[in-house]
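Here are some exercises to work through with the structure beside you. Try each one before you read its solution.

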Amino acid sequence: MVKKQLPSVFIFGLFPDSSGKTVISTALSRELLNRGVKVGVFKPRSGHNLWYQYEVFLKCKSEGRLFCEDIVKLKEASECQLPYEVLNPVDALLAPLNTKLFIERGLTDRMYILEEELHTHLIIERYTTLGDYGKIRNVLLLNERSLKSGSLLVDCEYVNRMLMRAERIITIHTAEEWAALFNKLASQSICSCYRKVKNEHEAVVIEGYNDAVAPERQILNDIDVAVGVAPGILVIYDADDFRRVLDVMRRLGRDPRTLRSKEVIKYLKRRRILRVPPVPHFLLRNYDLLCERLRAVLDSIVSEMRV
């Protein structure tokens with residue numbers, strides 16, 4: 001019997017931070033599961049700070065692995081059985097500045113400059129690729145300059161353990177090197193893992209990175225429902241029009257992976273605009289109750305999927 005392939009949903013932020021993507025993604029994943037759909041979840045790229053997401057960092061440390069808080073929630077909600085690394089193939093671990101060091105050395109002006117630079121906060125970034133026979137291969141980027149300078153609050157024991165487990169380690173020193181290696185490594189990593197998720201599930205909920213509107217082209221071609229999220233609102237966009245706009249941008253010389261919501265949504269065709277109610281914190285990990293809280297929103301998304 002040929003397995004029915006249900007639509008994939010891509011959920012992206014209308015703003016860079018705290019847009020509510022994970023709340024909608026986890027609720028939708030549990031809603032599909034409760035309707036009898038074998039649902040996969042996918043977070044192509046992520047980044048998280050060990051200080052502000054300390055609970056998941058402790059989980060990573062205890063298991064000798066690296067994955068983000070969002071994929072832990074998505075995996076819980078969907079009951080997907082694949083490893084975190086496959087569901088979240090690119091993940092960067094960030095850390096806050098060692099403020100004490102800068103103040104003691106009288107480098108406060110330098111401290112505030114570095115605080116605004118994302119690359120300065122990078123410790124390591126993992127790229128997971130699925131090879132022949134499903135073999136998982138992890139490549140780690142190591143921000144050698146920040147680690148050697150002592151400018152970050154770093155758990156060296158954890159970092160050393162991760163480096164020992166990596167199949168390959170690449171050291172970087174600048175933001176430009178980081179961007180170049182992402183362009184070189186990300187596509188194969190993301191696409192190989194996405195194929196695994198897609199092939200083993202009837203539907204896939206894909207959560208974007210911040211306010212980026214374009215995952216890899218292979219994923220973009222599979223999207224049947226595109227959803228933009230911000231506090232209090234959810235917008236369902238026409239998926240064909242979504243692809244068309246990004247293709248036009250590509251032909252104009254823009255890499256779709258660099259595009260942000262503010263550059264794109266004014267050109268997109270809206271299908272529905274929905275109100276999203278505020279969600280009490282205690283519901284965020286109680287996914288069945290979360291579904292009830294977001295019932296009208298979820299019914300609208302599912303109706304677009306024709307599940």
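Is the crossing of α1 and α15 right-handed or left-handed? Keep in mind as you look that this is a predicted model.

**Exercise 1. Describe how α1 and α15 pack.**

Solution. Start with the question above: α1 and α15 cross in a right-handed way.

Step 1: find the two helices. Helix α15 covers residues 295-305, and helix α1 covers residues 21-34.

Step 2: look at the geometry. Two packed helices are described by the angle between their axes and the distance between the axes. Here the axes of α1 and α15 come within 10 Å and cross at roughly 65 degrees.

Step 3: name the arrangement. Angles of 65 to 115 degrees count as roughly perpendicular, and α1 is therefore roughly perpendicular to α15.

Step 4: list the residues that touch. From α1 come I24, A27, L28, E31 and L32, while α15 brings R295, V297, L298, D299, I301, V302 and M305.

Step 5: sort them by class. The contact of α1 with α15 has 9 nonpolar and 3 charged residues, and no polar ones.

**Exercise 2. Work out the order of the strands in the open sheet, and find its edges.**

Solution. Step 1: read the order across the sheet. The 5 strands are arranged as β3-β4-β5-β6-β7, and their pairing is mixed.

Step 1: find the edges. β3 (45-49) and β7 (168-172) each have a single partner strand, so one side of each is left without a neighbour in the sheet.

Step 2: check the twist, which averages 20 degrees from one strand to the next.

Step 3: zoom in on one pair. β3 and β4 (residues 90-94) run parallel and are joined by 5 bridges. In one of these strands, β4, you can find V90, the bridge partner of R45.

Step 4: see what packs on the sheet. Helix α10 (residues 175-199) touches β3, β4, β5 (122-130), β6 (136-143) and β7, and its direction makes about 40 degrees with that of β5.

**Exercise 3. Look at three loop residues: E79, N210 and L284.**

Solution. E79 has 49% relative accessibility and so counts as partly exposed.

Step 1: N210 sits in the loop between β8 (203-207) and α11 (217-222). N210 is not a glycine either, yet its phi is positive, about 55 degrees. Its relative accessibility is 29%, so N210 counts as partly exposed.

Step 2: turn to L284, in the loop between β11 (270-275) and α14 (287-293). At 22% relative accessibility, L284 counts as partly exposed. Setting aside neighbours within four places in sequence, L284 is in contact with V23, V279 and L290.

Methods: Residues numbered from 1 in each chain as written. Predicted model: local features only at pLDDT ≥ 70, side-chain atom pairs only at ≥ 80, totals over all residues. Heavy atoms only, no water. Pairing = 2+ DSSP bridges. Helix = DSSP H or I, 4+ residues; strand = E, 2+ residues; numbered from the N terminus. Axes fitted to C-alpha atoms, helices over the stretch in contact; angles between N-to-C directions. Contact = heavy atoms within 4.5 Å. Parallel < 35°, antiparallel > 145°, perpendicular 65-115°, else oblique. Left-handed = near helix turned anticlockwise from the far one by under 90°. Nonpolar A, V, L, I, M, F, W, Y, C, P; charged D, E, K, R; others polar. Buried < 20%, exposed > 50% of the residue type's maximum accessible area, 1.4 Å probe, protein only.
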